[in-house]
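Here are a few notes to read alongside the model. Keep the structure open and look up each part as you go.

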Amino acid sequence: LKMLELPVMLMMKAKHSMAPSMISVQLCLFLFLYLSFTSSAFYSPIGIRKASPLNMGLLDSLFGGLAGGGQTFEAPCVMGEESIMSQKEHGTSATPVQSDLRWDCDRKVADNICNFNRHYAEYRGYWKSTPFIEQARKEYEENGEVKFYDSNSGTLLFTAPKGRTFDDFIRESQSHGWPSFRDEEVNWEFVRCLKDGETVSVDGTHLGHNLPDFSGSRYCINLVSVAGRPIN
């Protein structure tokens, strides 16, 4: 039932001028794509695991269609311009990912997802195949929080958990398949959300997508995108 939250919410937000038949068709298609997305891997070009050829761009397009050509997410979410993801020296970023990523994240995979990709993701549950949970729990027990840095620039992007326990954060992330953050856990100085839901850093790093539920915005983020180390 939880998987139905987003499609139903979008239907409720659909413009009143949209014909009922069109809403039904789009909703059914969206539901099919959404369920496919939440139950399988999407990232295939460099392939941590090739599980589905379905491109998240279809999901983006339909998301924008239901929302009337893209949408503005409610504050404190900070919207960004498409120009953030313009081509730079290294894909959409000025630099490649750091050479020594945290949690034993694969650097080649990280570089492709962060800098040469707009729609694909690490496979569902990838973060659980790393030492992340054990090491993050230790960091939480020592500091009361876990910090997540841009894998390219080393800027602080997320701090979690806030307003919930570490176990709550892990439980929600396990439920959705990717590390999942809420508004208060985002460092909005360096994170932006585009109209199709793509979540990026101001440095041009692809992070993941905002897939809201009835509790509000929910940022499903690739671990390889936030496995950087702080740069002093």
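This is a predicted model: local features need pLDDT of at least 70, side-chain atom pairs count only at pLDDT 80 or more; totals for chains, interfaces and linings use all residues.

1. Now for the parts list. The protein chain has six helices and seven strands. Reading from the N terminus, the order is α-α-α-α-α-β-β-α-β-β-β-β-β.

2. How much of the chain is buried? Of its 232 residues, 55% are buried. As for the surface, the chain exposes about 10,500 Å², and carbon and sulfur atoms supply 53% of that.

3. Next, have a look inside. The largest nonpolar core has 35 residues, and Cys-105, Phe-132, Phe-148, Phe-158 and Phe-181 have the most contacts within it. Helices α4 (107-115), α5 (132-143) and α6 (166-176) each supply at least two of its residues, and so do strands β1 (146-149), β2 (156-160), β4 (191-193) and β7 (219-221). The biggest contributor is α4, with four residues. As background, nonpolar side chains in soluble globular proteins tend to be buried together.

4. Which residues does Cys-105 touch, leaving aside its neighbours within four places in sequence? They are Tyr-126, Leu-223, Val-224 and Ala-227.

5. Finally, zoom in on β1 and β2. These strands pair in the antiparallel sense over four bridges, and Lys-147 has Thr-159 in β2 as its bridge partner. The two strands form a hairpin with six residues between them. In the turn, find Gly-154, which has a positive phi of about 80 degrees.

Technical notes
Residues are numbered from 1 along each chain as its sequence is written. Side-chain values use heavy atoms; hydrogens and water are left out. A nonpolar core is a set of buried Ala, Val, Leu, Ile, Met, Phe, Trp, Tyr and Cys residues joined through side-chain atoms within 4.5 Å. Buried means under 20% relative accessible area, exposed over 50%, partly exposed in between (1.4 Å probe, protein chains only). Contact means heavy atoms within 4.5 Å. Two strands pair if DSSP finds at least two bridges between them. Accessible areas come from the Shrake-Rupley method with a 1.4 Å probe; for residues, only the protein chains shown count as cover.
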